[in-house]
Amino acid sequence: LVESGFFLSKNDVQNVVDNFKFVYDFDLRNPSVFSGKYVSRFGESVKHDFYDCPMYGSIFNQNNKDKIKNIFSSLADENKYPMYLHCTHGADRTGTVVFLLQLLLGVDEEAAIKEYRLTAFQYSTYADSNSIDVVIEGLKSFDGETLNEKVYSYLVDNIGVTPEEIESVKNILLE
């Protein structure tokens with residue numbers, strides 16, 4: 001989905017809804033960015049939830065464990081697909097979650113790092129091509145030989161995502 005300046009015309013929104021058939025707006029932002037009731041840009045028929053996602057090194061803060069667990073448990077729910085997963089710029093929170101997802105799904109670590117580094121082309125307060133390095137360093141403390149194995153260990157052994165939820169995410173996204 002490519003947006004022009006974050007705003008889509010009403011016609012464009014309807015085309016996106018019709019083509020992608022989104023049922024869920026998976027919003028990684030904090031709900032405090034809006035006052036009042038937020039309605040998905042794809043209309044009231046698309047369920048919307050805020051996830052208040054931490055980014056970069058803050059994913060390793062013990063106070064954020066429940067947030068990360070909630071995100072990955074929700075990603076394991078097949079009823080939330082197809083979804084529109086996003087934050088404000090698609091770089092910081094989304095970049096961190098997608099990086100973890102790619103590694104969890106078996107994407108080669110060099111390819112996942114390269115993909116993230118492309119995020120630096122997007123305007124963001126924090127993202128630059130090296131922003132993901134703190135995540136890579138943090139993952140090194142977990143069990144496993146590869147970053148792919150370390151992400152699994154981080155999510156299951158540290159965060160509390162169940163192996164069944166991991167399998168569900170894989171089944172949904174790798175089908």
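A residue is called buried when its relative accessible area is under 20%, exposed when it is over 50%, and partly exposed in between, with a 1.4 Å probe and protein chains only. By this rule Phe142, at 17% relative accessibility, counts as buried. The model is predicted, so to speak of local features a pLDDT of at least 70 is needed, side-chain atom pairs count only at pLDDT 80 or more, and totals for chains, interfaces and linings use all residues. Residues are numbered from 1 along each chain as its sequence is written, and side-chain values use heavy atoms, with hydrogens and water left out.

The protein has seven helices and three strands; helices (H or I, at least four residues) and strands (E, at least two) are DSSP runs, numbered from the N terminus. Along the sequence they follow the pattern α-β-β-α-β-α-α-α-α-α. Of the 175 residues in the protein, 44% are buried.

Rings of Phe, Tyr and Trp (its six-membered ring) pair if their centres lie within 6.5 Å; planes under 30 degrees apart count as stacked, over 60 as edge-to-face and the rest as tilted. The structure holds 13 aromatic pairs. One of them, Phe34 and Tyr38, is tilted, at 4.4 Å centre to centre and 45° between the planes. Phe34 is partly exposed at 32% relative accessibility, while Tyr38 is buried at 17%. Another pair, Phe60 and Phe142, is stacked, with 6.2 Å centre to centre and 25° between the planes. Phe60 lies in the loop between strand 2 and helix 2, and Phe142 in the loop between helix 5 (133–139) and helix 6, so this pair ties together parts that are 82 residues apart in sequence.

Helix 7 (residues 163–173) has Glu165, Ile166, Val169 and Ile172 buried. Seen down the helix axis, these buried residues fall within an arc of 130°, so they line one face of helix 7; the arc is that of the directions from the axis to the C-beta atoms. An α-helix has 3.6 residues a turn, so residues three or four places apart point the same way. Glu164 and Asn171 are exposed on the other side of helix 7. The buried residues of helix 7 pack against helix 2 (65–75), helix 3 (93–104) and helix 6 (147–159), with contact meaning heavy atoms within 4.5 Å.

The whole structure has zero disulfides, a disulfide being a pair of cysteine sulfur atoms within 2.5 Å. For Cys53 the nearest cysteine sulfur is that of Cys87, 7.9 Å away. Cys53 is buried at 7% relative accessibility, and Cys87 is buried at 6%.
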